[in-house]
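Please read the following note beside the sequence and the structure.

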Amino acid sequence: MDELITQYRAAASEEDIIRIGFRLQELVDAEASIIACWMTPYYRTAYWRWLRWPEDGNVRSSQYHYQSYVYWVDEAIKEETLEAMREGKTYPEKELIFDQYQE
């Protein structure tokens with residue numbers, strides 16, 4: 001597989017890339033290989049103020065904030081915010097840090 005990866009990186013034509021890429025996919029599938037990835041131990045996000053999360057704001061494991069599926073839309077805050085936007089009113093930024101699962 002290492003040799004094929006080297007060939008793939010050095011391929012000069014699209015046909016070679018496709019041919020070698022398909023062969024690599026076959027090998028990965030045949031070997032049931034695991035391709036190790038790096039998972040960042042934190043995430044940063046921005047969201048509209050009408051999206052709400054539980055008090056502690058976090059789950060033990062997720063790749064990004066919205067993957068937790070524990071958020072909801074607060075319709076009253078949404079309408080308040082949209083009205084404020086129409087009137088040109090702004091709200092201060094908030095920085096929330098949830099580190100209860102930090103290792």
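The numbered points below take the helix pair and then the pocket.

1. The model under discussion is predicted. Its helix α1 covers residues 2–10 and its helix α2 covers residues 14–31. The axes of these two helices come within 9 Å of each other and cross at roughly 155 degrees.

2. The crossing of the two helices is left-handed.

3. The contact can be followed residue by residue. From α1, the residues L4, I5, Q7 and Y8 take part. Their partners in α2 are I17, I20, G21, R23, L24 and L27. By class, the residues of this contact comprise 7 nonpolar, 2 polar and 1 charged.

4. Attention now turns to the largest pocket. The space within this pocket amounts to about 1,600 Å³. Its lining is made up of 41 residues. Nearest the centre of the pocket lie Y43, T45, H65, L96 and F98.

5. Which elements give two or more residues to the lining of the largest pocket? They are β1 (51–52) and α3 (75–87). Of these, α3 gives the most, with 3 residues.

Key
Residues numbered from 1 in each chain as written. Predicted model: local features only at pLDDT ≥ 70, side-chain atom pairs only at ≥ 80, totals over all residues. Heavy atoms only, no water. Axes fitted to C-alpha atoms, helices over the stretch in contact; angles between N-to-C directions. Helix = DSSP H or I, 4+ residues; strand = E, 2+ residues; numbered from the N terminus. Left-handed = near helix turned anticlockwise from the far one by under 90°. Contact = heavy atoms within 4.5 Å. Nonpolar A, V, L, I, M, F, W, Y, C, P; charged D, E, K, R; others polar. 1 Å grid on protein atoms, 1.4 Å probe; cavity = no way out; pocket = protein on both sides within 12 Å on 5 of 7 lines; lining within 4 Å. Points joined across faces, edges and corners; volume = space filled by probe spheres on them.
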